[in-house]
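Hi everyone, thanks for coming. Please bring up the sequence and the model on your screens, and we'll walk through them together.

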Amino acid sequence: MDGSGSDLRSTIKKWNVIYPVYLNSKKTVAEGRCIATAKACPDPTCIEIADCCSHLKIPHAIELDKAYPRDFFQVGRVRVQLKKDDGSPVNPAIKTRRKAANWYC
């Protein structure tokens, strides 16, 4: 392994995490859903979330080897960079995590 890989990993560690269960309309708040059911979608996948990030031109990384802490059978998560190092948003239309979640579904 070279040094650039560890630099990338340390950079990605600072990004926000989105588990598909956060956006799943079939889950309850107690099960992990974070947004309103009207704005959520049924059974989203990491790949679909990553496609949305690509469409919105938001840097992202898929981590298929990670599991949701409350339910280890739900595997996969997406790390997204919503803000640059200077604190400005990557995409000016999306300034907060809540607004980002509304764009995914």
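Let's start with a term: two strands pair if DSSP finds at least two bridges between them. Helices (H or I, at least four residues) and strands (E, at least two) are DSSP runs, numbered from the N terminus. Two words on where this comes from: we have a predicted model, where local features need pLDDT of at least 70, side-chain atom pairs count only at pLDDT 80 or more, and totals for chains, interfaces and linings use all residues. Residues are numbered from 1 along each chain as its sequence is written, and side-chain values use heavy atoms, with hydrogens and water left out.

Now, the sheet. S1 and S3 are antiparallel partners, joined over three bridges, and Val17 stands opposite Arg79 in S3. Which order do the strands of the open sheet take? The three strands run S1-S3-S2, with antiparallel pairing. That leaves strand S1 (16-18) and strand S2 (60-68) at the edges, each pairing on one side only. From one strand to the next, the twist averages 30°.

Helix H2 packs on this sheet and touches S1, S2 and S3, where contact means heavy atoms within 4.5 Å. The direction of H2 makes about 160° with that of S2 (axes are lines fitted to C-alpha atoms, for helices over the stretch in contact, and angles run from 0 to 180 degrees between N-to-C directions).

Which residues of H2 are buried? They are Cys46, Ile49, Ala50 and Cys53; buried means under 20% relative accessible area, exposed over 50%, and partly exposed in between, with a 1.4 Å probe and protein chains only. Seen down the axis of H2, these buried residues fall within an arc of 100°, so they line one face of the helix. The arc is that of the directions from the helix axis to the C-beta atoms.

On to the largest nonpolar core, which has 13 residues, with Ile49, Ile58 and Val80 making the most contacts inside it. Such a core is a set of buried Ala, Val, Leu, Ile, Met, Phe, Trp, Tyr and Cys residues joined through side-chain atoms within 4.5 Å. Helix H2 (46-55) and strand S3 (71-80) each give two or more residues, and H2 gives the most, with three. Setting aside neighbours within four places in sequence, Ile58 touches Cys53, Val80 and Leu82, among others.

Last, the cysteines. A disulfide is a pair of cysteine sulfur atoms within 2.5 Å, and the count here is zero.
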